[in-house]
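The stops below are given in the order in which they may be selected.

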Amino acid sequence: QREESYEEQIRDLTTRLKDAEQRADLAERTMAKLQKEVDRLEDELLAEKEKYKGVSEELDMTLNELSGY
């Protein structure tokens with residue numbers, strides 16, 4: 001009976017290990033997708049900052065021209 005108990009524990013632990021490995025794999029894939037999205041958003045933010053900088057400089061030049069500088 002003791003041997004059966006050990007075998008049942010082994011089966012249970014093996015099942016739990018497989019479940020944990022599947023969850024870890026899913027978590028890694030999710031993390032990779034999220035990191036890709038973060039990278040994309042950072043690139044988009046940088047592009048928008050550059051665009052804003054260009055518009056601000058153009059506005060400053062226009063205001064300077066209008067004020068006679």
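Select Glu-37, Arg-40 and Glu-44 together: in this predicted model, these three residues are linked in a network of salt bridges. Begin with the pair Glu-37 and Arg-40, whose closest N and O atoms are 2.7 Å apart. Then turn to Arg-40 and Glu-44, where the corresponding separation of the closest N and O atoms is 2.8 Å.

The spacing along the chain may be checked next. Glu-37 and Arg-40 are three residues apart in helix 1, so about one helical turn separates them. Arg-40 and Glu-44 also both lie in helix 1, four residues apart, which is again about one turn of the helix.

Glu-37 is partly exposed at 34%. Arg-40 has a relative accessible area of 41% and is partly exposed; Glu-44 is likewise partly exposed, at 41%.

What joins the side chains of Arg-11 and Glu-8? They meet in a salt bridge, with an N to O distance of 2.9 Å. The two residues are three apart in helix 1 and therefore separated by about one helical turn. Arg-11 is partly exposed at 46% relative accessible area, and Glu-8 is partly exposed at 45% relative accessibility. In the model as a whole, the count comes to six salt bridges.

Next, select Glu-28, which is found in helix 1, residues 2-66. Is Glu-28 buried or exposed? Its relative accessibility is 52%; the cut-off for exposed is over 50%, so Glu-28 counts as exposed.

Proceed to Leu-59, Leu-63 and Leu-66. These residues form a nonpolar patch on the surface, and together they have about 330 Å² of accessible area. Leu-63, one of the three, is placed in helix 1 and is partly exposed, with a relative accessible area of 46%.

Following helix 1, select Gly-68 and inspect its backbone torsions: phi is positive, near 90°.

Finally, display the entire protein. How many helices and strands does the secondary structure contain? It comes to one helix and zero strands. The radius of gyration is 29 Å, well over the 11 Å that the globule rule gives for 69 residues, so the protein is more spread out than a compact globule. Along its principal axes, the C-alpha trace spans about 100 × 10 × 5 Å.

The accessible surface of the protein comes to about 6,900 Å², and carbon and sulfur atoms account for 55% of it. Of the 69 residues, buried residues make up 0%.

Key
Residues are numbered from 1 along each chain as its sequence is written. This is a predicted model: local features need pLDDT of at least 70, side-chain atom pairs count only at pLDDT 80 or more; totals for chains, interfaces and linings use all residues. Side-chain values use heavy atoms; hydrogens and water are left out. Buried means under 20% relative accessible area, exposed over 50%, partly exposed in between (1.4 Å probe, protein chains only). A salt bridge is a side-chain nitrogen of Lys or Arg within 4 Å of a carboxyl oxygen of Asp or Glu. Patches are made of residues with over 30% relative accessible area and no salt bridge: like charges are joined within 9 Å, nonpolar side chains (Val, Leu, Ile, Met, Phe, Trp, Tyr) within 5 Å. Accessible areas come from the Shrake-Rupley method with a 1.4 Å probe; for residues, only the protein chains shown count as cover. The radius of gyration is taken over C-alpha atoms; the globule rule is 2.2 Å times the number of residues to the power 0.38.
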